[in-house]
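Subject: Structure handover

Hello,

Here is the structure we spoke about, with my notes below it. Please read the notes with the coordinates open.

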Amino acid sequence: MSSVVAPEKPTSNTMGPKEVELILVKEQNGVQFTSTTLVTPTPTQTNPSGEEERETWGKKIDFLLSVIGFAVDLANVWRFPYLCYKNGGGAFLVPYLFFMVIAGMPLFYMELALGQYNREGAAGVWKICPIFKGVGFTVILISLYVGFYYNVIISWAMFYLFSSFTGELPWVHCNNTWNSPNCSDWADNGSVSDIYKATPAQEYFERAVLHIQDSNGIDDLGRPRWQLTSCLAVVIVLLYFSLWKGVKTSGKVVWITATMPYVVLTVLLLRGVTLPGAIDGIKAYLSVDFLRLCDAKVWIEAATQICFSLGVGFGVLIAFSSYNKFSNNCYRDAIITSSINSLTSFFSGFVVFSFLGYMSQKHNVALDKVARDGAGLVFVIYPEAIATLPGSSIWAVIFFIMLLTLGIDSAMGGMESVITGLIDEFKFLHKHRELFTLFIVVATFLISLFCVTNGGMYVFTLLDHFAAGTSILFGVLIEAIGIAWFYGVDRFSDDIEEMIGHRPGRYWRLCWKFVSPCFLLRLAYAITPETEHHLVDNGEVRQFTLHHWLVV
């Protein structure tokens, strides 16, 4: 018995290995006839190291919006404009842009490239230098800590949003059940001592929302208040369903959360500039006082603002970029997203100070009496200004929707840093991402409950001051040293060339190796004893004097 097998002709298709499938067709007159076909095995996508290919963003714009949405957060609205006004107006842009160019952008670029090349979260990327893996876990832990109180801010915004669906906003008058005898409208500021006077908007935030009056201190927290707990639960549910499927879902959510703030800011600016006194407020925002640049404190605040506004050191940029395609141009992304972040901060200043100028003129007080930063701006001053406008409820709804979207995508970024960092380090969690995400958000919710009690503001303040301060600066410092000095700038540059086709310029390499680490190490609060921090507040930094370095 003989068999006949026809030889296959050579093929020019070289797209991977082929397998020959030999099939017995039939036997006729003692001869077995067979058929052969070429079968191409299903390819497994791999990266240059031979590992299974990582999930990637659905579209490039999903990644860009995610990074912008994370970096552009509440601080762009409530901190930068006030810092600019307080520190010389337009002159403040000099140190701000200086530190952005020598430190902010290089560190931003470094984290994007680090995550994209190594394809892992904040802890896993340190396979390049395992001794620094502790830095990765540090930034993951910091992101987790921040989530404990940052989600509470979003729940405040949601509480205000629900309260805005009414004919008359509840922070207009002093005749509510939560008001104290010290409540006084601006027009009645002579009736109560300035030391104790509180506006309706201030008392609404402190007494109706936070219920500070029902607590004697951090040792008297009380039970979680059901109103804020409900709002916090809604925030947690939104976060879970935005993150449970990874970048495939979060990349779609940011189309709304990252773009909505720009629409609302533009609408508010168009309304704000039509108000009386708005131009005076904008002039005060942009007034140039170059003498303020002689004050070391101005430079310190500019450097600190750059560090925190760009979001380096939280592991978020590493996590987001790890889902990029290997050949993505992370250099271009770093320039685009960091520039948009800074421009957004500057743009929001026009919106904020148009309303502050209006408030100043309406109540016939100096601008510095109404200008403030932090939660007091967005939960007291701005709601008070909105309450005086025709159709105030509509404007309040618009404003607090903006705060919600500003907060949600930043909270998504922080939580993604934790989830990605841990599931990449503990591989068995990859198959259970949905359950692990549920575990993280529920744990965050339970701990955040301490911040929505009567004394929750005390816990919130502790977390706000100590969760992500000097620790972030130290983490980024060690990160920069680990990459530039231990892994090596040359090798890191080779990695970038492998991804985008060209090496970083000498400027970037010098910044990574020398400038950025020095910038992080010499920040005043990080190098000054805590007992001398009050001197830093006054611009008296002993380590910035020649005598400190020359004395023996």
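Which residues does Arg-433 touch, not counting residues up to four places away in sequence? Arg-433 touches Leu-243, Trp-244, Lys-245, Gly-246, Tyr-323, Glu-416, Ile-419, Thr-420 and Ile-423. Please bear in mind that this is a predicted model.

Arg-433 and helix α17

Arg-433 is part of helix α17. With a relative accessible area of 11%, Arg-433 is buried, because the cut-off for buried is under 20%. Its side chain reaches the backbone oxygen of Leu-243 at 3.0 Å, and Leu-243 is also one of the residues that Arg-433 touches.

Helix α17 covers residues 433-448, and Val-442 lies in it too. Val-442 is partly exposed, at 37% relative accessible area. Val-442 belongs to a nonpolar patch on the surface, together with Leu-435, Leu-438, Leu-446, Ile-447 and Phe-450. The accessible area of the patch is about 540 Å² in total.

Helix α16

Helix α16 runs over residues 392-425 and has 34 residues. At 1.5 Å a residue, α16 should span 50 Å, and its end C-alpha atoms are 50 Å apart, which agrees. Of the 34 residues of α16, 30 are buried, so the helix is largely enclosed by the rest of the structure.

Helix α1 consists of twelve residues, 60-71. From its first C-alpha to its last, α1 reaches 17 Å, close to the 16 Å expected at 1.5 Å a residue. Ten of the twelve residues are buried, so α1 is also largely enclosed by the rest of the structure. The buried residues are Asp-62, Phe-63, Leu-64, Leu-65, Ser-66, Val-67, Ile-68, Gly-69, Phe-70 and Ala-71.

Lys-60 forms a salt bridge with Asp-333, at 3.1 Å from N to O. Since Lys-60 lies in α1 and Asp-333 in helix α13 (residues 330-362), the pair ties together parts that are 273 residues apart in sequence. Lys-60 is partly exposed at 30% relative accessibility, whereas Asp-333 is buried at 1%.

Lys-362 is also placed in α13. At 46% relative accessibility, Lys-362 counts as partly exposed. Lys-362 and Leu-275 are 87 residues apart in sequence, and their C-alpha atoms are 9.8 Å apart in space.

Other salt bridges

How many salt bridges does the structure hold? There are 13 salt bridges, and a few of them are listed here.

- Asp-295 and Arg-292: the closest N and O atoms are 3.1 Å apart. Asp-295 is partly exposed at 22% relative accessible area, and Arg-292 is partly exposed at 23%.
- Asp-494 and Arg-503: the closest N and O atoms are 2.3 Å apart. Asp-494 is partly exposed at 37% relative accessible area, and Arg-503 is partly exposed at 30%.
- Glu-120, Lys-127 and Lys-427: these residues are linked in a network of salt bridges.

Regards

Note on methods. Residues numbered from 1 in each chain as written. Predicted model: local features only at pLDDT ≥ 70, side-chain atom pairs only at ≥ 80, totals over all residues. Heavy atoms only, no water. Helix = DSSP H or I, 4+ residues; strand = E, 2+ residues; numbered from the N terminus. Expected span 1.5 Å × (residues − 1). Buried < 20%, exposed > 50% of the residue type's maximum accessible area, 1.4 Å probe, protein only. Salt bridge = Lys/Arg side-chain N within 4 Å of Asp/Glu carboxyl O. Patch = residues over 30% accessible without salt bridge, like charges linked within 9 Å, V, L, I, M, F, W, Y side chains within 5 Å. Areas by Shrake-Rupley, 256 points an atom, 1.4 Å probe, with all protein chains shown as cover. Polar contact = N/O pair within 3.5 Å; in protein donor to acceptor, adjacent residues only side chain to side chain. Contact = heavy atoms within 4.5 Å.
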